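Please walk me through this structure, taking the elements in turn and saying how each term is defined where it comes up.

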Amino acid sequence: MGSSSIGAAAGAAGIAVPDTQGPLSYSVDAAQGPVRLRYFAPPPKLRRHFGSLYIFSVSADRYADMTRADVPQLRLMLAGDGRYHLHGGAVAPTPDVCLLGPTLGATRFELDRPSQVVGISLLPAGWISLHGGDASALADSLCDLAAERDAAYAGLLADLRAEEDGDVMADLCWMFLQDRVKPLDAATWHLLESIDAWLMDEGSPRIEVLAEMTGLSPRQLARLTNKYYGAPPKLLARKYRALRCSARIALDRESWQTLCDDGGFYDQSHFIREIKHFIGLTPHQLMTEPSAVAQLTLLRRSLGGDVAVLNRLS
């Protein structure tokens with residue numbers, strides 16, 4: 001799906017269009033200046049652990065935007081600095097090697113000077129490999145991964161800062177990460193695949209269905225989804241329902257009123273609150289004036305079958 005699917009609506013930011021930086025590279029003319037994002041699909045042997053890699057850059061002296069609720073993100077600050085305003089109210093400066101845990105609400109970020117960031121989305125298996133702790137303990141929070149887990153990330157950051165070619169940057173990251181991937185047993189893979197499939201249900205996923213799929217009790221499922229996804233099943237189902245709806249509103253131009261009726265929401269007020277909570281924009285804003293980062297994040301769907309469905313939506 002290309003950038004034309006964003007639609008023709010105008011707003012504070014222009015429309016995301018392909019740029020000249022390479023395949024799957026897009027730019028948006030925001031009020032503060034151009035915002036660019038280029039995606040890279042992981043190599044086949046890493047696709048069960050990581051979603052897309054991306055290079056994000058802004059040229060403005062100051063920039064602020066919202067990011068939707070998401071899977072964990074490893075972000076390496078090649079240039080620039082700033083802070084996150086996390087769901088729940090905490091404000092945290094971003095370290096140079098930042099592991100942002102799973103986010104359960106929209107997150108605001110601010111950059112204080114022109115910036116460039118290399119980021120990698122972590123699927124649950126990637127979280128296990130790079131962090132290994134309970135994901136819920138870092139939900140809506142962050143840590144300095146080089147200081148807390150592995151000083152070698154500082155060396156990767158230095159190598160990336162010395163490079164200008166995006167393809168080379170991506171290769172450096174994948175080579176570094178493939179040495180840190182940990183094998184999982186068949187039972188864990190089956191559990192993760194079952195939870196992913198359940199979350200991608202087009203309706204409003206019910207925990208009873210997941211219990212039947214896995215043979216686990218609701219209590220066991222809550223413990224395991226907290227550990228691997230950062231939240232209990234009911235909250236995860238709400239999050240991914242909102243993410244699916246937001247993509248269908250902004251990319252597929254579907255009527256949000258129809259989605260409200262079909263998606264198991266109580267009423268339109270409930271639908272609007274859920275979208276605003278997890279996306280940071282109302283359904284009307286998604287249709288008429290999506291922010292630069294909202295547009296660029298939605299374009300993960302351009303990666304198609306090269307990345308996990310879970311990552312294309314979040």
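**A guided reading of the model**

Arg 244 is buried, because its relative accessible area is 5% and buried means under 20% relative accessible area, while exposed means over 50% and partly exposed lies in between, with a 1.4 Å probe and protein chains only. This residue lies in helix α8, where helices (H or I, at least four residues) and strands (E, at least two) are DSSP runs, numbered from the N terminus. The C-alpha atoms of Arg 244 and Gly 155, which are 89 residues apart along the chain, are separated by 37 Å.

The model is a predicted one, in which local features need pLDDT of at least 70 and side-chain atom pairs count only at pLDDT 80 or more, whereas totals for chains, interfaces and linings use all residues. Residues are numbered from 1 along each chain as its sequence is written, and side-chain values use heavy atoms, with hydrogens and water left out. The average pLDDT of the protein is 90, and 92% of the residues score at least 70, pLDDT being the predictor's confidence in each residue, from 0 to 100. Over residues 1-11, however, pLDDT stays under 50, and for this stretch the model has 28 contacts beyond four places in sequence, a contact meaning heavy atoms within 4.5 Å.

We turn now to the sheets. Eight strands form an open sheet in the order β1-β2-β3-β4-β11-β6-β9-β12, and their pairing is antiparallel; two strands pair if DSSP finds at least two bridges between them. The edges are taken by β1 (17-18) and β12 (142-144), each of which has a single partner strand, so one side of each is left without a neighbour in the sheet.

Within this sheet, strand β11 (residues 115-122) pairs with strand β6 (residues 73-79) in the antiparallel sense over six bridges, and β4 and β11 also pair in the antiparallel sense, over seven bridges. Elsewhere along β11, Val 117 stands opposite Phe 56. Seven of the eight residues of β11 are buried, so this strand is largely enclosed by the rest of the structure.

Helix α3 (residues 152-161) lies across β6, β9 (97-100) and β11, and runs at about 50° to β6; here axes are lines fitted to C-alpha atoms, for helices over the stretch in contact, and angles run from 0 to 180 degrees between N-to-C directions. Helix α4 (residues 166-178) lies across β3 (33-40), β4 (50-58), β6 and β11, and runs at about 140° to β4.

In the loop between α3 and α4 lies Glu 163, which counts as partly exposed because its relative accessibility is 26%. Leaving aside neighbours within four places in sequence, Glu 163 is in contact with Val 168 and Met 169. The C-alpha atoms of Glu 163 and Leu 78 are separated by 9.9 Å, although the two residues are 85 residues apart along the chain.

A further open sheet has four strands in the order β5-β10-β7-β8, with antiparallel pairing. Its edge strands are β5 (63-67) and β8 (91-93), each pairing on one side only. Strand β7 (residues 82-85) pairs with β8 in the antiparallel sense over three bridges, and His 85 stands opposite Val 91 in β8.

In helix α7 (residues 218-229), the 12 residues should span 16 Å at 1.5 Å a residue, and the end C-alpha atoms are 15 Å apart, which agrees; the expected span is 1.5 Å times one less than the number of residues. The buried residues of α7 include Leu 221, Leu 224, Thr 225, Tyr 228 and Tyr 229. They cover an arc of only 100° around the axis, which puts them on the same side of α7, the arc being that of the directions from the helix axis to the C-beta atoms. Exposed residues Arg 219 and Arg 223 are carried on the face of α7 turned away from its buried side, and α7 is followed by Gly 230, whose phi is positive, near 95°.

In helix α10, the buried residues are His 270, Phe 271, Glu 274, Ile 275, Phe 278 and Ile 279. Their arc around the axis is only 130°, which puts them on the same side of α10. These buried residues pack against α8 (233-250), α9 (256-262) and α11 (283-288).
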